[in-house]
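Please look over the structure below before reading the report.

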Amino acid sequence: MPSPRADRPDVVVTGLGVTTAVGQGKDDFLEALLEGRHAFGFMRRPGRVPPPPATGGAATPFPGAEMGEPTLPGSISARTVRTASLSARAALATLHEAWSEAGLDEADPSRIGLVVGGSNVQQRELTLLHARHADRPEFLRPTYGMAFMDTDLCGFCTEQFPIRGFAHTVGGASASGLLAVFQAVRAVQSGEVDVCIALGALMDLSYWECLAFRTMGAMGSSRWADDPAAACRPFDRGHDGFVFGEACAAVVVERAGGRRQPAPYARFLGGGRALDGTRNPHPSVEGEAAVVRAALSEAGLSASDVDYVNPHGTGSPTGDAVELQALARCGLTHARINATKSITGHGLTAAGAVEIVATLLQMRAGKLHPTRNLADPLDEAFPWVREKAEEHEVRTALSLSMGFGGISAAVCLEKC
């Protein structure tokens with residue numbers, strides 16, 4: 001089948017960065033994935049534990065996975081660290097790893113772009129600030145005028161790294177991280193920049209967002225309230241909603257052969273986006289199947305060419321079933337499949353970028369990570385990777401992300 005990509009330059013991935021609750025840095029992250037090592041517990045960050053109920057008693061914390069303090073390079077000043085939110089600190093640490101691996105100090109700053117995937121990502125910090133200044137608003141720091149905007153992360157990153165091509169955010173709810181990669185690839189293909197970094201930003205939830213997600217039935221887990229390690233169960237019949245996991249990831253994409261580059265991880269073959277036209281978080285088989293077909297079509301692939309699928313797989317009772325139906329409808333029941341969120345939790349805005357990093361690391365390692373808590377799969381027809389990591393050569397992979405608002409995205413990657 002002739003590829004629609006024939007008139008476009010090859011775009012490759014040359015650098016990765018990742019900061020999660022299960023591992024900081026790609027080596028530690030991959031080790032945690034292959035071991036199935038999780039960090040689920042009860043979330044304790046200030047601003048994320050709800051206040052005690054009016055009826056009395058203690059507040060019940062939410063299950064989730066919280067990371068340690070991100071390790072920042074020594075080049076970042078103490079003043080910058082002091083005024084940076086958790087989302088910003090994670091972004092700087094993650095970007096530094098990807099920047100260093102790709103060797104971007106050698107690239108022309110005017111030809112480097114940045115796409116930050118995520119919107120409204122610093123909610124917990126803002127909730128704490130509102131509470132701190134409720135009785136004395138006149139002492140509010142002027143930096144609040146920047147901190148409540150999505151561009152704050154763009155400012156932090158481009159102030160510390162010589163990125164002078166462009167920087168902006170893209171918001172697609174839980175599809176934001178993958179959409180950032182998609183937009184970064186398009187920027188390179190169009191010739192707007194030679195190198196572009198996609199950053200899936202850490203969405204720092206406050207208890208307000210957690211309560212809202214719980215009330216709407218999206219966030220678990222009432223069923224596993226006393227056992228947070230068992231609560232995150234993508235594609236298992238015992239699932240009752242997603243479990244949050246703090247995460248941030250960066251992916252460097254650039255024109256193949258455009259400069260002296262490190263050995264690339266993979267080549268971008270094609271991608272797709274689809275929209276269901278709904279405000280509500282109701283998944284659509286038609287929309288998800290359409291985005292898979294669009295990605296395969298642009299890549300010039302048939303379904304049988306795909307070796308591995310990294311699905312969205314959140315643990316949603318409705319979303320998981322719909323995603324499997326869409327994959328089956330597209331003829332992908334032969335491809336190996338696991339669920340990264342079963343180990344990391346759902347990073348929301350960061351999820352798509354984190355899962356592309358997970359996909360690329362598995363491709364390079366020749367191993368697929370296990371899927372935790374997959375005791376009773378929704379569909380046994382799929383060749384799941386279950387309790388233990390398995391050796392598997394992946395030449396071509398498909399990664400999927402879906403977000404509220406009926407947004408779906410997919411990309412196809414080929415190992416270099």
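## Basis

This is a predicted model, in which local features need pLDDT of at least 70, side-chain atom pairs count only at pLDDT 80 or more, and totals for chains, interfaces and linings use all residues. Residues are numbered from 1 along each chain as its sequence is written, and side-chain values use heavy atoms, with hydrogens and water left out.

## Sheet

An open sheet with mixed pairing is formed by three strands in the order β2-β3-β7. Strands (E, at least two residues) and helices (H or I, at least four) are DSSP runs numbered from the N terminus; two strands pair if DSSP finds at least two bridges between them. Because β2 (41-42) and β7 (244-245) each have a single partner strand, they stand at the edges, with one side of each left without a neighbour in the sheet.

β2 and β3 (residues 63-65) run antiparallel and are joined by two bridges. Gly 41 has Gly 64 in β3 as its bridge partner.

## Helix pair

Helix α1 (residues 26-35) and helix α13 (residues 351-365) have axes that come within 10 Å and cross at roughly 80°. Axes are lines fitted to C-alpha atoms, for helices over the stretch in contact, and angles run from 0 to 180 degrees between N-to-C directions. The two helices are therefore roughly perpendicular, a term for angles of 65 to 115 degrees.

In the contact (heavy atoms within 4.5 Å), α1 supplies Lys 26, Phe 29, Leu 30 and Leu 33, and α13 supplies Val 354, Val 357, Ala 358, Leu 361 and Ala 365.

Methods. Parallel < 35°, antiparallel > 145°, perpendicular 65-115°, else oblique.
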